[in-house]
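I went from the whole chain to its sheet, its cores and a few single residues.

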Amino acid sequence: MAPGRAALGLLFLLGSLTVLPCLAAAQAFPGESFNSEAERRLAEMLNQSRGQQGLPPLHVDGHLSAAAREHSPVMAEHGQLSHQLPGEGNLSRRLRDSQVTFISAGENIDSGKGWLQAHAAFMASAPHRANILDDDYESVGIGVVERHGTYWITEDFARLVH
C-alpha cells in the first residue's frame with residue numbers, strides 16, 4: 001500500500017530537516033564568501049604532505065566541510081582564533097550537528113593575511129602536523145573565509161563511520 005499524503009509530507013519534512021543544518025552551515029556572514037579555491041588547494045597540500053610520508057590521501061567530505069565552514073565565520077565574527085567560541089558547541093558537537101558520524105576527529109585552525117602560509121604554519125607546529133599526518137584520519141573538511149583582509153581557516157579531520 002502506498003503511503004498517504006500526510007506520511008509523504010512528513011517524510012519530506014524530515015528529509016528537509018536533515019539537509020538544513022548542512023545548508024545553513026555552508027553560508028558565510030553577509031558580504032563574505034568562502035574561498036573554495038583556497039579550500040581545494042589546502043586539501044591538495046595536505047595530501048601532498050601525507051604522500052611524502054607514505055600515507056594515503058584524505059577524502060574531502062561534504063559534511064566535514066560544512067562543519068569547517070560553520071566554524072571559520074564564527075572565528076571571523078569574534079575576531080578570535082579558538083576551537084570553541086561563545087554560543088557554539090565543541091568540535092564533537094559541531095561535527096554531529098553537521099551530520100558527521102565519526103570514530104575520531106581533530107581540528108586545525110589558523111588566521112592570517114594569507115591562506116597559502118597556513119599549511120606551512122601547520123606543518124611547523126607539532127600538534128597541527130600530527131593531525132595532518134595522523135594515519136587514523138581518512139577524511140577532511142576545510143572552510144576558508146576572508147573578513148577585512150584576514151583569512152580564517154578551519155581544517156576538520158576524521159575517521160568516519162561508514
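**Entry 1: the chain as a whole**

I began with the contacts (heavy atoms within 4.5 Å) and found that, of those in the protein chain with a separation of 6 or more, 72% are between residues 24 or more positions apart. I note that this is a predicted model, in which local features need pLDDT of at least 70 and side-chain atom pairs count only at pLDDT 80 or more, while totals for chains, interfaces and linings use all residues. Residues are numbered from 1 along each chain as its sequence is written, and side-chain values use heavy atoms, with hydrogens and water left out.

I then looked up the secondary structure, where helices (H or I, at least four residues) and strands (E, at least two) are DSSP runs numbered from the N terminus. The protein chain has six helices and four strands, and from the N terminus on they run α-α-β-α-α-β-α-α-β-β. Of its 162 residues, 43% are buried, where buried means under 20% relative accessible area, exposed over 50% and partly exposed in between, with a 1.4 Å probe and protein chains only.

**Entry 2: the sheet**

I traced an open sheet of four strands in the order E1-E3-E4-E2, with mixed pairing; two strands pair if DSSP finds at least two bridges between them. Strand E1 (59-60) and strand E2 (102-112) are the edge strands, each pairing on one side only. E3 and E4 pair in the antiparallel sense over nine bridges, and I noted that Glu 146 has Tyr 151 in E4 as its bridge partner.

H2 lies across E1, E3 and E4 and runs at about 140° to E3, whereas H5 lies across E2 and E4 and runs at about 120° to E2.

**Entry 3: the cores**

Next I looked up the nonpolar cores, each a set of buried Ala, Val, Leu, Ile, Met, Phe, Trp, Tyr and Cys residues joined through side-chain atoms within 4.5 Å. The largest has 19 residues, and those touching the most other members are Leu 42, Leu 46, Trp 115, Ile 132, Ile 142, Val 144 and Phe 157. At least two residues of this core come from each of helix H2 (36-52), helix H5 (116-124), strand E3 (139-147) and strand E4 (150-160), and H2 gives the most, with five residues. A second, separate core of eight residues includes Val 74, Met 75, Leu 85 and Val 145.

**Entry 4: an aromatic pair**

I searched for ring pairs, counting Phe, Tyr and Trp (its six-membered ring) with centres within 6.5 Å, and calling planes under 30 degrees apart stacked, over 60 edge-to-face and the rest tilted. The count comes to one aromatic pair: Tyr 137 and Phe 157 are stacked, at 5.8 Å centre to centre with 20° between the planes. Tyr 137 lies in the loop between helix H6 (126-132) and E3 and Phe 157 in strand E4, so the pair ties together parts that are 20 residues apart in sequence. Tyr 137 is buried at a relative accessible area of 6%, and Phe 157 is buried at 0%.

**Entry 5: positive phi**

Which loop holds Gln 99? Gln 99 lies between helix H4 (91-97) and E2, has a positive phi of about 65° although it is not a glycine, and is partly exposed at 36% relative accessible area. His 148, in the loop between E3 and E4, also has a positive phi, near 50°, and is exposed at 74% relative accessibility.

Definitions and conventions
Axes are lines fitted to C-alpha atoms, for helices over the stretch in contact, and angles run from 0 to 180 degrees between N-to-C directions.
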